[in-house]
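Here are my notes on the model, point by point. Please read them with the structure open.

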Amino acid sequence: MGTARSANADILKGTLDVLILKALSGGPAHGYTIATWIASASGDALALGEGTLYPALHRLEARGWVRSRWGTSANNRQAKFYTLTRKGEAQLTLETRRWQRSAAALFSALAAPAPGASGTDR
Amino acid sequence: MTRLDRRPDPPIRSDVERELGFHLEMRVRELVAQGVPPDEARRRAMQQFGDYEGSERECADIDARVERRASRRSFARELWQDVAYAVRVLRRSPGFTLVAVLTLALGIGANSAIFSVVNGVLLESLPYRDAGHLYRVRTVYPDGTPYSLSAPDFMSVREGARVFDRVEAYSIAALTMTGSGEPRELQVGRISDGLPALLGWQLAIGQGFNLGHFAPGGGDVLILDHGFWQRAFGAAPDVLGRTVTIAGRPAVIAGVLQPGSRLPPALDAYAPRDGVVSFSP
């Protein structure tokens, strides 16, 4: 069970970046908002803990896909807000297309009849 | 007088700590708002967060890398800006630029000129083997003036000195040479018998002096400085055995020295002390 779970987590870690970009496509947000949105949109992406969101955010910032700035939250606290950069927007478009393509490929494979299903097995 | 209390300041919370702290605080608030008791809310928030220390460290590492890269870039950019600014300013005031460049040029030039002299005179040793062991012996008169030794004094120093391996002498005279083209004045060094060996002189051509030349009336012979040989005789190899007239007396040329073989002052020719030139001018 442990290996199945961590393999799942590896896949989802790859999706975390694109989910963050997507979360920010609606406008600037701080980590807590992003984490809450990801948890509701895709139950498992933060399976290893909400904390894994922050290294991902800092990595995206280092790549220039997001920008951060300290601001005041809705409840009047200091929070770090992230904004999508143009480079990040382009990356989101690219990633979205890539995921759509591979998902479409997987769906059509799953919809196709299996090799043995035509009744001609040996 | 009281001693100041040096309790350390509480550590400044880093950006990463503040960011992660905000997240936990928000989560706790939400749980408390749902009716979870604060302690339990804090525990659950931490559990949902996962590896707090790992996340914090990872964020700090990424930020440090970014900062290092940025500071390298900004150093290069600032350096370039400084250079560009300097060029602009210098171009705007050519007079100042000229003065500055000349000042630097003269300063550097004067420095290297002085160094060349100091290096030659003070730092470089004499061009002889064991130059550090060469000493000049002089007579110091009661008023403190140093003088060269007289011939008898030299003989007695040579006989009596125990602190030296060898004692040799030279004296210099300006003498007229005739019998080879135009008459010319020569700086002639009159040397004692052991001086060529002491200074490690080498002959380019010829046999040079033998001991007999140094005996009283031993012979009217001359060896030439290499440079003088080139200047006065066109480096002709057949000068050997030629007779020239020095101060009215004939002398036979017995050799030419190698370029580095010379006394500290550059002279034109050398004669044995008891040979061609009588001792007292």
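1. Start with the loop between helix 8 (226-233) and strand 7 (243-246) of chain B, where Ala235(B) sits. This is a predicted model, so please treat every value below as computed from it. Phi of Ala235(B) is near 55°. That is a positive value in a residue other than glycine. Ala235(B) has a relative accessible area of 30%. It is therefore partly exposed, since that class runs between the 20% and 50% cut-offs.

2. Asn76(A) also deserves a look. Its phi is near 70°, positive in a residue other than glycine. Asn76(A) belongs to the loop between strand 2 (66-72) and strand 3 (78-84) of chain A. Is Asn76(A) buried or exposed? Its relative accessibility is 63%, so Asn76(A) counts as exposed, the cut-off being over 50%.

3. Next, Glu50(A). Find it in the loop between helix 2 (31-41) and helix 3 (53-63) of chain A. The relative accessible area of Glu50(A) is 6%. Buried means under 20%, so Glu50(A) is buried. Which residues does Glu50(A) touch, leaving aside those up to four places away in sequence? They are His23(B), Arg27(B), Gln48(B) and Phe49(B).

4. Now a helix pair in chain B. The axes of helix 1 (residues 15-33) and helix 3 (residues 52-92) of chain B come within 10 Å. They cross at roughly 140°. Angles over 145 degrees would count as roughly antiparallel, so helix 1 of chain B is oblique to helix 3 of chain B. The crossing is right-handed.

5. Which residues make that contact? Helix 1 of chain B supplies Val16(B), Glu17(B), Leu20(B) and Leu24(B). Helix 3 of chain B supplies Tyr52(B), Ser55(B), Glu56(B), Cys59(B), Ala60(B) and Asp63(B). By class, the contact has 6 nonpolar, 1 polar and 3 charged residues.

6. Last, chain B as a whole. Its secondary structure comes to 8 helices and 9 strands. Chain B has 281 residues, and 28% of them count as buried. Take the contacts in chain B with a separation of 6 or more: 62% of these join residues 24 or more positions apart. The accessible surface of chain B is about 18900 Å². Carbon and sulfur atoms account for 57% of that surface.

Technical notes
Residues numbered from 1 in each chain as written. Chains lettered and ligands numbered in written order. Predicted model: local features only at pLDDT ≥ 70, side-chain atom pairs only at ≥ 80, totals over all residues. Heavy atoms only, no water. Helix = DSSP H or I, 4+ residues; strand = E, 2+ residues; numbered from the N terminus. Buried < 20%, exposed > 50% of the residue type's maximum accessible area, 1.4 Å probe, protein only. Contact = heavy atoms within 4.5 Å. Axes fitted to C-alpha atoms, helices over the stretch in contact; angles between N-to-C directions. Parallel < 35°, antiparallel > 145°, perpendicular 65-115°, else oblique. Left-handed = near helix turned anticlockwise from the far one by under 90°. Nonpolar A, V, L, I, M, F, W, Y, C, P; charged D, E, K, R; others polar. Areas by Shrake-Rupley, 256 points an atom, 1.4 Å probe, with all protein chains shown as cover.
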